[in-house]
Amino acid sequence: PAEMVRVTPFLLVLSLALVAQGLSDRKCVLTGQWKNDLGSNMTIGELQGNGAFSGTYLTAVSMSPKILESPLLGSQQHTNQPTFGFTVNWTFTDTTSVFTGQCFVDDEGKEVLKTMWLFRLHADSVQNNWNATLIGTNTFTRLHRQKQ
Ligand SMILES: *[C@@H]1O[C@H](CO)[C@@H](O)[C@H](O)[C@H]1NC(C)=O
Ligand SMILES: *[C@@H]1O[C@H](CO)[C@@H](O)[C@H](O)[C@H]1NC(C)=O
Ligand SMILES: *[C@@H]1O[C@H](CO)[C@@H](O)[C@H](O)[C@H]1NC(C)=O
């Protein structure tokens, strides 16, 4: 019984360590449908062998009254929880967005994309360049829960 008392906490620590290890090894896959904290939707297609991907972005927020689904083009690194970047070529304005981020598996085993973006407005002249770029963050989760 004295032995049990010493062994049990050790096994608990070991199993917690294995669970934590398991999550950081889990693979996060960009392909699929995502939604972000603003209600925007994004679909990313199959990855090419070199990590390049394309997809579509449907924003929930815009400075223009009209919103259309717009194409995106990006690439990712080859790791289990990869860093990535993509450009959105907005089809309904003369503006451009670039996103960069990382695909994580969180503590609950759910995939999450943590991103930062730059949003480039069209300035009329170089004198108006100074205030033409906005910066922000977005967190994406799967639009539909993946089958495990
Ligand atoms: C994103 O998709 C959901 C589910 O299909 C839909 O309810 C929502 O309106 C979409 N968002 C936009 C900005 O279209
Ligand atoms: C970018 O958007 C423009 C304007 O809508 C469109 O003509 C062009 O084909 C798009 N290019 C890419 C690479 O998506
Ligand atoms: C940026 O500042 C210029 C004045 O330098 C102003 O005319 C313009 O409307 C501003 N643009 C934005 C997007 O606020």
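View 1. K35, G39, S40, N41, L58 and A60 are the residues around ligand 1; a residue counts as near a molecule if its C-beta atom, placed from the backbone, lies within 6 Å of it. This shell consists of two nonpolar residues, three polar ones and one charged one. Here Ala, Val, Leu, Ile, Met, Phe, Trp, Tyr, Cys and Pro count as nonpolar, Asp, Glu, Lys and Arg as charged, and the others, Gly among them, as polar.

The model is predicted: local features need pLDDT of at least 70, side-chain atom pairs count only at pLDDT 80 or more, and totals for chains, interfaces and linings use all residues. Residues are numbered from 1 along each chain as its sequence is written, while chains are lettered from A and ligands numbered from 1 in the order in which they are written.

View 2. Strands are DSSP runs of E, at least two residues long, numbered from the N terminus, and two of them pair if DSSP finds at least two bridges between them. Strand β8 (residues 133-142) is antiparallel to β1 (residues 32-36), with three bridges. Here N36 has F140 of β8 as its bridge partner. Strand β7 (residues 111-120) also runs antiparallel to β8, and nine bridges join them. One residue bridged to β8 is K114, whose partner is T139.

**View 3. T133 in strand β8.** T133 is part of β8. T133 is exposed because 12 other C-beta atoms lie within 10 Å; the cut-off for exposed is 12 or fewer, with buried at 20 or more and partly exposed in between, using C-beta atoms placed from the backbone. Leaving out residues up to four places away in sequence, T133 touches L118, F119 and R120, where contact means C-beta atoms, placed from the backbone, within 7 Å. A123 is ten residues from T133 in sequence and 9.4 Å away in space, C-alpha to C-alpha.

Technical notes:
Helices (H or I, at least four residues) and strands (E, at least two) are DSSP runs, numbered from the N terminus. Two residues are in contact if their C-beta atoms, placed from the backbone, lie within 7 Å.
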